[in-house]
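Please keep the structure open beside you while you read.

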Number of protein chains: 2
Amino acid sequence: MKLYVQDIESMDKRYRTNFVNSLPGFKSANLIGTISHSGIPNLAIFSSVIHVGASPALMGMLFRPVSVPRHTYQNIKHNGLFTINHISDYMYKRAHLTAARYPDDISEFEAVGLTPEYSDSFDAPYVREASVKIGLKLVEEQEIHSNKTIFAIGQIEEVILPDNIILEDGVIDLQKVRTITISSLNSYHKTELIERLPYAKPEI
Amino acid sequence: MKLYVQDIESMDKRYRTNFVNSLPGFKSANLIGTISHSGIPNLAIFSSVIHVGASPALMGMLFRPVSVPRHTYQNIKHNGLFTINHISDYMYKRAHLTAARYPDDISEFEAVGLTPEYSDSFDAPYVREASVKIGLKLVEEQEIHSNKTIFAIGQIEEVILPDNIILEDGVIDLQKVRTITISSLNSYHKTELIERLPYAKPEI
């Protein structure tokens with residue numbers, strides 16, 4: 001079947017949101033940890049985290065328009081720091097609940113049953129239950145004029161992860177740490193390795 | 001174990017690239033189709049495609065710095081159109097080969113054994129073998145000053161997909177169409193649904 005732009009625009013709002021969110025394919029599943037100016041740790045699920053560069057080591061993610069106040073974005077603007085924590089199959093239900101709107105004075109960590117953990121060297125909360133944890137400082141923001149979202153760039157300051165999960169070529173064994181993936185907004189999937197391929201060279 | 005920024009910077013280049021590319025978790029797996037000013041169809045694998053907005057329907061992706069000429073980016077700049085095509089388990093090997101550098105006058109479609117397919121209503125090549133195909137027009141670019149990459153935004157013009165794969169709430173059944181996911185740069189994974197969760201509401 002073929003859908004044109006007017007077919008998509010005429011969809012019911014929730015249906016359209018689910019449909020368009022399915023179009024990129026499988027998405028990364030992360031919890032972003034921040035701390036408010038009054039010291040309340042905040043946690044929010046994001047499926048838009050992508051690789052931006054390896055040297056310097058940069059990651060990017062998309063924030064919704066700031067016209068409606070968002071705790072995660074406000075907190076990052078306040079102290080410049082945030083953590084990215086992989087969502088695993090043993091805590092995706094708790095991770096999913098962080099998408100609900102909680103009042104300012106409630107920590108999502110407490111509300112959903114996850115544990116804030118602080119590194120000596122970094123002033124934003126990690127998720128104790130996460131296997132791969134990344135501490136970043138905000139280095140850049142670009143407003144997307146088309147819909148007022150914000151593409152934010154963080155530079156990696158530290159990475160905390162289990163021993164023996166980095167393969168000999170530097171790849172992290174994401175299945176071993178039970179990292180999962182998201183489709184659309186609410187479907188959680190585990191993965192099974194098909195194959196690791198060698199670096200691609202022209203066959204001609 | 002804990003790695004600091006200086007540990008990452010001191011890694012061997014290929015090892016660091018593999019490591020940092022693993023940090024976002026699982027990534028979307030897509031082929032981007034374009035056509036050159038001389039009519040040669042181009043195809044390139046991307047793992048950075050993300051959802052940007054549902055209304056208008058927007059998708060974003062990251063391009064490497066343009067200091068080295070890149071066919072995909074040049075072609076999109078030329079006619080303003082590109083296609084996003086899901087990578088499935090039956091053609092990931094061919095998709096992976098598009099990452100190799102081919103000369104200007106060679107179409108990656110031909111080099112790797114995939115078939116360009118044109119819609120009457122859209123002037124950029126789709127991948128016939130892909131199950132989910134999206135036609136987009138370039139609407140915005142933001143240069144990431146931190147490393148000169150470019151975050152580009154496309155507005156969805158049309159979507160071509162099999163009948164009966166959209167669930168009743170608008171979600172596309174990505175497993176049914178055999179869309180796969182990528183970790184780091186060269187690991188291909190199929191997925192298994194754990195659970196679809198309801199919209200998250202505060203429990204307090």
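1. A word on terms before the cavities: on a 1 Å grid over the protein atoms alone, a cavity is a set of points where a 1.4 Å probe fits but cannot get out, and lining residues have an atom within 4 Å of a point. Grid points are joined across faces, edges and corners, and a volume is the space filled by probe spheres set on the points. With that in hand, the second largest cavity comes to about 40 Å³.

2. You are looking at a predicted model, in which local features need pLDDT of at least 70, side-chain atom pairs count only at pLDDT 80 or more, and totals for chains, interfaces and linings use all residues; side-chain values use heavy atoms, with hydrogens and water left out. Residues are numbered from 1 along each chain as its sequence is written, while chains are lettered from A and ligands numbered from 1 in the order in which they are written.

3. On confidence: pLDDT is the predictor's confidence in each residue, from 0 to 100. Chain A has a mean of 95, and 99% of its residues reach 70 or more. For the complex, the predictor gives an ipTM of 0.96 and a pTM of 0.96.

4. Back to that second largest cavity, whose lining draws on both chains: Ala54(A), Pro56(A), Ala57(A) and Gln155(A), with Val5(B), Ile8(B), Glu9(B) and Arg16(B). Helix H1 (residues 5-9) of chain B gives the most, 3 residues (helices, H or I, of at least four residues and strands, E, of at least two are DSSP runs, numbered from the N terminus). By class, the lining has 5 nonpolar, 1 polar and 2 charged residues (nonpolar: Ala, Val, Leu, Ile, Met, Phe, Trp, Tyr, Cys and Pro; charged: Asp, Glu, Lys and Arg; polar: the others, Gly among them).

5. Which residues line the largest cavity? They are Phe26, Lys27, Ser28, Ser47, Val49 and Ile50 of chain A, and Phe26, Lys27, Ser28, Ser47, Val49 and Ile50 of chain B. The elements giving two or more residues to this lining are strand E2 (27-28) of chain A and strand E2 (27-28) of chain B. The lining divides into 6 nonpolar, 4 polar and 2 charged residues.

6. Now the interface. Contact here means heavy atoms within 4.5 Å, and 105 residues of chain A are in contact with 105 residues of chain B. The two chains bury about 9100 Å² between them, 63% of it on carbon and sulfur atoms (buried area is the accessible area, 1.4 Å probe, that two parts lose on being put together, summed over both). In chain A, Met1(A), Phe26(A) and Leu197(A) lose the most area to chain B, together 8% of what that side buries.

7. A salt bridge is a side-chain nitrogen of Lys or Arg within 4 Å of a carboxyl oxygen of Asp or Glu. Lys2(B) pairs with Glu158(A) at 3.7 Å, N to O. Glu195(B) and Lys93(A) meet at 3.4 Å, N to O; this pair runs from strand E13 (residues 187-196) of chain B to helix H4 (residues 92-97) of chain A.

8. Lastly, some backbone details to check. The peptide bond from Ser55(A) to Pro56(A) is cis, with omega near 0 degrees, and Pro56(A) sits in the loop between strand E5 (50-54) and strand E6 (57-63) of chain A. In chain B, a cis peptide bond joins Ser55(B) and Pro56(B). Ser184(A), though not a glycine, has a positive phi of about 50 degrees; its place is the loop between strand E12 (181-183) and strand E13 (187-196) of chain A.

Technical notes
1 Å grid on protein atoms, 1.4 Å probe; cavity = no way out; pocket = protein on both sides within 12 Å on 5 of 7 lines; lining within 4 Å.
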